[in-house]
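Subject: Structure handover

Hi,

Here is the structure I promised to pass on. My notes on it follow below.

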Amino acid sequence: MTDTLENPIQVLVIDDEASVRTAIRAALKGEQIHADAAADAKEALALLEKTSYDVILLDVLMPGTDGFSLLKTLRENGIFTPVIVLSGLAEDSSMVKGYGLGADDYVTKPFSKTVLVSKIRALLRRTREYTAKAPQRPEIICGDLLLKLDTRTAQLSGKELSLSSKEFAILCRLAANPGEIISKERLYREVWNSDKTDNAKILVYINRIRDKLEEDPSSPKRLVTDWGKGYHLNP
């Protein structure tokens, strides 16, 4: 199967096991997907300074800086490349932690080549479709919140916010319609491109956004829950 997207897919594989890196790169090469590889956080950050990737495949259990710590560093440093976490940990708590730190998807080892390639393509397609469907204006302003669509960056009262690609997409939909109640179903359909709503996953992202927007996330004034209906954003 060849790449049907407009541009070739560039992937960064971060895993401390050489055999895993080799196997993934070979599998992706067979799908006409280019992949670079890094054995640890230091190598990964060096590659990310030189190259812009479409998707990052990130192992959790690595010596030194583990995958979750690296993911946190990436988001804090303004690297919002979509991330698929690769992990041998199947516990819900591990998945929730990954999503909470800004991961876009989670794959439990062992996984098949077909599943991995499908997730990469689906994630990238959603990202590109969102970019294509984004309002044709350079920015969205909602009170003291500024969202720059061309650079996919956000500022609150002039201070830069660290947002994952999903957090940014959710915030864009709410900020473009200030005061309007946006249902969970609509958010999930538009951000995850799925008609099957995952309420727990949405809540993780909403809480992450509140941590960055609210003075007191436990008593939100900006991103408000409308019980049984959805959420709305106050200017």
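I start with the largest cavity, which twelve residues line; R126, T127, K166, A169 and V191 lie nearest its centre. On terms: with a 1 Å grid over the protein atoms alone, a cavity is a set of points where a 1.4 Å probe fits but cannot get out, while a pocket is an open set with protein on both sides within 12 Å along at least five of seven lines; lining residues have an atom within 4 Å of a point.

Before more detail, the ground rules. This is a predicted model, in which local features need pLDDT of at least 70 and side-chain atom pairs count only at pLDDT 80 or more, while totals for chains, interfaces and linings use all residues. Residues are numbered from 1 along each chain as its sequence is written, and side-chain values use heavy atoms, with hydrogens and water left out.

**Cavities**

The structure holds two cavities of 30 Å³ or more. The largest has a volume of about 100 Å³ (a volume is the space filled by probe spheres set on the grid points, which are joined across faces, edges and corners). Its lining divides into four nonpolar, two polar and six charged residues. Here Ala, Val, Leu, Ile, Met, Phe, Trp, Tyr, Cys and Pro count as nonpolar, Asp, Glu, Lys and Arg as charged, and the others, Gly among them, as polar. Helix 5 (113-133), helix 6 and helix 7 (184-191) each supply at least two residues of that lining. Helices (H or I, at least four residues) and strands (E, at least two) are DSSP runs, numbered from the N terminus.

The second largest cavity holds about 40 Å³ of space. C142, L145, L156, L213, R222, L233, N234 and P235 line it. That lining divides into six nonpolar residues, one polar and one charged.

**Helix 6 and K166**

Eleven of the eleven residues of helix 6 are buried, so the helix is largely enclosed by the rest of the structure. Buried means under 20% relative accessible area, exposed over 50%, and partly exposed in between (1.4 Å probe, protein chains only). Charged residues are on the buried list too, including K166, E167 and R173.

K166 sits in helix 6. Its relative accessible area is 5%. Leaving out residues up to four places away in sequence, K166 touches D104, L123, R126, V191, W192 and Y205. Contact means heavy atoms within 4.5 Å.

**Nonpolar cores**

The largest nonpolar core has 52 residues, and I14, L145, L147, I170 and L233 have the most contacts inside it. Helix 6 (residues 165-175) gives the most to this core, with seven residues. A second, separate core has 18 residues, among them I84, L86, V107 and L123. A nonpolar core is a set of buried Ala, Val, Leu, Ile, Met, Phe, Trp, Tyr and Cys residues joined through side-chain atoms within 4.5 Å.

L145 is worth a look in the viewer. Beyond its neighbours within four places in sequence, L145 is in contact with I140, Q155, L156, L161, L171, A175, L213 and L233. L145 also lines the second largest cavity.

**The largest pocket**

The largest pocket has a volume of about 460 Å³. Of its 20 lining residues, F80, T81, P82, T127 and R152 are the closest to its centre. Helix 5 gives the most to the lining, with four residues. The lining divides into eight nonpolar, nine polar and three charged residues.

H232 is in strand 11 (residues 230-233). At 13% relative accessibility, H232 counts as buried. A polar contact of 3.2 Å joins its side chain to that of N234 (a polar contact is a pair of N or O atoms within 3.5 Å; within protein, one must be able to donate a hydrogen and the other to accept it, and residues adjacent in sequence count only if both atoms are side-chain atoms).

F68 is in helix 3 (residues 67-76). F68 is buried, at 8% relative accessibility. Contacts of F68 beyond four places in sequence are V60, S94, K97, G98 and L101.

P220 lies in the loop between helix 8 (199-213) and strand 10 (223-226). P220 is partly exposed, with a relative accessible area of 26%. Outside four places in sequence, P220 is in contact with R210 and E214.

Best wishes
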